[in-house]
Amino acid sequence: MVKDRTVEERLGIHELGLLDMPEEDQMDSEDALAKVKDVSEGVRETARTVRQSLEEGQPPGQALAFLRDVVREAPLPSLLVAFMLGCLIARR
């Protein structure tokens, strides 16, 4: 049964050998959580910087900038339009 297995067994940690480390090399959950938060914040900041650089590099008013703005404001209608255009092109 799935409920009888431990969390480590369900995640496959035993197969990875992560529990075989000596006690001094293992970090407690608070340290691990703090490191994960630091790394995720770094990834978010990097993504924000890249997105901002890309937006600054494109001059406003071009077709691609207009299309990007429309898709951000109304993603589902934009998806419907793209699907319908795809169907029309595929039928030809």
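## Basis and overall fold

Helices (H or I, at least four residues) and strands (E, at least two) are DSSP runs, numbered from the N terminus. This is a predicted model, in which local features need pLDDT of at least 70 and side-chain atom pairs count only at pLDDT 80 or more, while totals for chains, interfaces and linings use all residues. Residues are numbered from 1 along each chain as its sequence is written, and side-chain values use heavy atoms, with hydrogens and water left out.

The protein has five helices and zero strands, and along the sequence the pattern reads α-α-α-α-α. The average pLDDT (the predictor's confidence in each residue, from 0 to 100) is 78, and 70% of the residues score at least 70. Among the elements, helix 2 (residues 13–16) has the lowest mean pLDDT, 58, whereas helix 5 has the highest, 91.

## Burial and surface

Of the 92 residues, 4% count as buried, where buried means under 20% relative accessible area, exposed over 50% and partly exposed in between (1.4 Å probe, protein chains only). The protein exposes about 8,600 Å², and carbon and sulfur atoms supply 62% of this area; accessible areas come from the Shrake-Rupley method with a 1.4 Å probe, and for residues only the protein chains shown count as cover.

## Helix 5

Ser78 lies in helix 5 (residues 75–91) and is buried, with a relative accessible area of 16%. The side chain of Ser78 reaches the backbone oxygen of Ala74 at 2.7 Å. If residues up to four places away in sequence are not counted, Ser78 touches Val70 and Val71, contact meaning heavy atoms within 4.5 Å.

Leu85 is also placed in helix 5, but is partly exposed at 47% relative accessible area. Together with Val81, Leu88 and Ile89, Leu85 forms a nonpolar patch on the surface, with about 410 Å² of accessible area. Patches are made of residues with over 30% relative accessible area and no salt bridge, like charges being joined within 9 Å and nonpolar side chains (Val, Leu, Ile, Met, Phe, Trp, Tyr) within 5 Å.

The structure holds three salt bridges, each defined as a side-chain nitrogen of Lys or Arg within 4 Å of a carboxyl oxygen of Asp or Glu. Arg44 pairs with Glu41 at 3.9 Å between the closest N and O atoms; being three residues apart in helix 3 (residues 29–57), they are separated by about one helical turn. Arg44 is exposed at 51%, whereas Glu41 is partly exposed at 41%.

Glu41 also meets Arg48 in a salt bridge (3.7 Å, N to O), and Glu45 forms one with Arg48 at 3.2 Å. Through shared partners, these salt bridges join Glu41, Arg44, Glu45 and Arg48 into one network.

Note on methods
Polar contact = N/O pair within 3.5 Å; in protein donor to acceptor, adjacent residues only side chain to side chain.
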